[in-house]
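Have the viewer open as you read.

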Amino acid sequence: MKKKRFISLLTSFSIIATVLAGCGNETSGDSQTDSSANVSGGEQETVELTVWEVSRGADEFREEQEQAFLKEYPWIKLNKVVKEGDPGNDFYQAVSSGTAPDFIEASFTMIDKFIAAGVVEPLNGYMDSWDESGQFNETYLDMFTKDGNMYTLPNEISPMLFGYNKKLFKEAGIENPPANWDEALEIAKKINDPEKQIAGYATLTAEWTEWFFQYYVWQAGGDLTQENEDGTIELTFTDPAVIEAAEYYQELASSKVLQSDRTLKFGDLLTQFSQDKIAMMPFATDWIKDVANQGMDIDDIGLIIPPVGSSGEPVTAIGGSGYLINAKTSQAKKDAAWEYISWFMSNEQRTAFYENVAGKGALAPIILGRTDMSASDFGDFPEEYDQVLEEANDIGRFEFYGKADFASYVDRAVQKILADPNADPEKEFREAQELAEKEVLESFNELNKVE
C-alpha cells in the first residue's frame with residue numbers, strides 16, 4: 001500500500017480550546033471603541049458574548065482567526081471564562097443559575113439532555129437563511145432534530161474502532177484481522193509472547209473499564225441501561241448480553257492473552273501499542289496521532305470495525321461535538337452567537353483551520369461535520385481508513401445512557417471479574433446494579449425526568 005499522510009483533527013476538548021483561544025479576558029476587534037458600530041450601513045448595539053474555554057491548547061493561528069472575526073463583526077465582544085475539563089458537563093446547571101455561556105460546543109452524549117431540558121435554541125431560522133446550511137452531514141443534523149426543530153451544528157465525529165498491529169500480524173503469519181470474538185481470541189493466542197512481553201490483546205483493566213466493556217455488551221446484543229421516553233433510566237446490568245461480555249473478558253484473561261500488567265492505564269496502553277507490545281485493542285481514530293508521535297509507523301496501524309459478538313451485528317461508538325446556542329439568553333446574544341458559529345464553521349474558515357493543522361504534521365482520521373470537505377482534501381491517508389470511517393458512520397451509537405452517573409458501578413464489577421477468575425459475573429453485576437439503584441437511581445430519575 002502506498003504510504004500516505006493524513007491530517008490531525010483535534011478532539012472536542014482541544015477544539016474548544018483553539019476556537020476560543022485566550023484566557024479569562026475580554027476581546028474585541030480593533031474598531032470596537034464605542035458602545036456601537038456601523039454594520040451593513042446601520043448602527044448596531046454592541047453585544048457581549050460570554051464563552052467558556054479551556055486554557056490548554058491555545059493556538060496562534062486560531063487567535064489570528066478570532067481577531068479576523070472580531071474585525072468583521074466589530075459590534076461583538078467576547079467575555080471569555082476559563083472552564084477546564086469538558087465545559088459541556090456543567091452547561092445545564094449553569095443555565096439554571098444564570099451563569100452559562102451564550103453558546104457552547106458540547107459532546108454528542110450531552111446534547112439530547114440539553115434538548116429535553118429546553119436549554120438550547122432551535123437553529124431552523126438561522127439555517128434556513130444561511131447559504132451554507134446544505135453542506136452539513138444530514139445524519140448528524142437529523143440525530144439532533146426533535147419535533148421538527150434542529151438544535152446543533154455538527155463539527156467533528158470520531159468513531160471507536162479496533163486497532164491491530166500489522167507488523168505483529170505479519171510476523172505471526174496472519175493475513176487478515178479478526179471478524180468476530182472467536183477469531184480475535186485465536187489470533188491473540190498465536191501472537192501472544194510473554195518472553196518478548198507481547199500481549200495478544202489488551203483492554204482497560206485498571207481504570208475506566210466500563211468504557212471499553214460497553215462495546216462488548218453491544219456486540220452481544222444488549223446494553224447496560226435503558227432510557228425511557230420520559231428521560232428516566234432502568235439499569236440492565238444483568239442483561240444476558242452483559243453476562244456474555246463479562247464471560248468473554250474472563251476467557252481473554254484465563255487464556256493469558258491480555259496484558260500481564262493489569263495496572264496499565266489508558267496512556268500506558270497506547271505507549272505499549274506504539275512499541276509493538278500489543279497486537280489488538282479497541283482504538284479510536286484520534287489516537288493514531290498519539291501512537292505515531294511515539295514512533296510507530298502509520299503503515300503498521302490497522303483499523304477495522306470491532307469484531308462482532310454473538311449478535312452477529314457490527315456496532316461501535318460514535319463520538320463528536322456540535323455547537324449549541326443558549327435558549328435562555330437574549331435574542332441579541334443568540335443572533336451574535338450564530339454569527340460566531342456560522343463564521344467559524346464556514347467552508348472558508350474550516351478549510352483554513354484544517355490546512356493549518358495539516359501543515360503541523362499531527363495525525364488523526366476523523367469524520368467531518370461538513371460534507372463538502374473531507375480529511376483527504378487536506379492530506380492523503382490509507383484508503384482503508386476511508387472505508388472504515390464510512391462503515392462506522394452508518395453503525396455508530398452513543399455511549400450508554402447515564403454513563404456519567406453509573407459508570408463507576410460497572411467499573412467495579414468489571415475489575416472484580418478480571419481480578420478473580422472464579423468470580424461469578426451474574427452475581428457481581430447484580431450486586432453492582434443493586435448498589436447503583438440504592439445510591440444513585442432515584443436522584444438521577446428525578447433530575448432527568450421530562451414532564
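Two residues are in contact when they have heavy atoms within 4.5 Å of each other. Among contacts in this chain between residues at least 6 apart in sequence, 80% join residues at least 24 apart. Please keep in mind that this is a predicted model, in which local features need pLDDT of at least 70, side-chain atom pairs count only at pLDDT 80 or more, and totals for chains, interfaces and linings use all residues. Residues are numbered from 1 along each chain as its sequence is written, and side-chain values use heavy atoms, with hydrogens and water left out.

**Overall make-up**
- The chain holds 17 helices and 16 strands; helices (H or I, at least four residues) and strands (E, at least two) are DSSP runs, numbered from the N terminus.
- Of the 451 residues, 55% are buried (under 20% relative accessible area, with a 1.4 Å probe and protein chains only).

**Strand 13 and its partner**
- Strand 13 spans residues 301-304 and is covered on both faces.
- On one side Ile-301 and Leu-303 are buried, and on the other Gly-302 and Ile-304 are buried too.
- Strand 9 (residues 153-165) pairs with strand 13 in the antiparallel sense over four bridges; pairing takes at least two DSSP bridges between two strands.
- One place to look is Phe-162, whose bridge partner in strand 13 is Ile-304.

**Helix 9 against helix 10**
- Helix 9 (residues 209-219) and helix 10 (residues 240-254) have axes that come within 9 Å and cross at roughly 115 degrees; axes are lines fitted to C-alpha atoms, for helices over the stretch in contact, and angles run from 0 to 180 degrees between N-to-C directions.
- From helix 9, the contact is made by Thr-209, Phe-212, Phe-213, Tyr-216 and Val-217, and from helix 10 by Ala-241, Val-242, Ala-245, Ala-246, Tyr-248 and Tyr-249.
- By class, this contact has 10 nonpolar, one polar and no charged residues; Ala, Val, Leu, Ile, Met, Phe, Trp, Tyr, Cys and Pro count as nonpolar, Asp, Glu, Lys and Arg as charged, and the others, Gly among them, as polar.

**Helix 2 against helix 13**
- Helix 2 (residues 60-72) packs on helix 13 (residues 331-344) at about 130 degrees, with the axes 11 Å apart.
- Arg-62, Gln-65, Glu-66, Ala-68, Phe-69 and Glu-72 of helix 2 meet Glu-339, Tyr-340, Trp-343 and Phe-344 of helix 13.
- The residues of this contact divide into five nonpolar, one polar and four charged.

Note on methods:
Buried means under 20% relative accessible area, exposed over 50%, partly exposed in between (1.4 Å probe, protein chains only).
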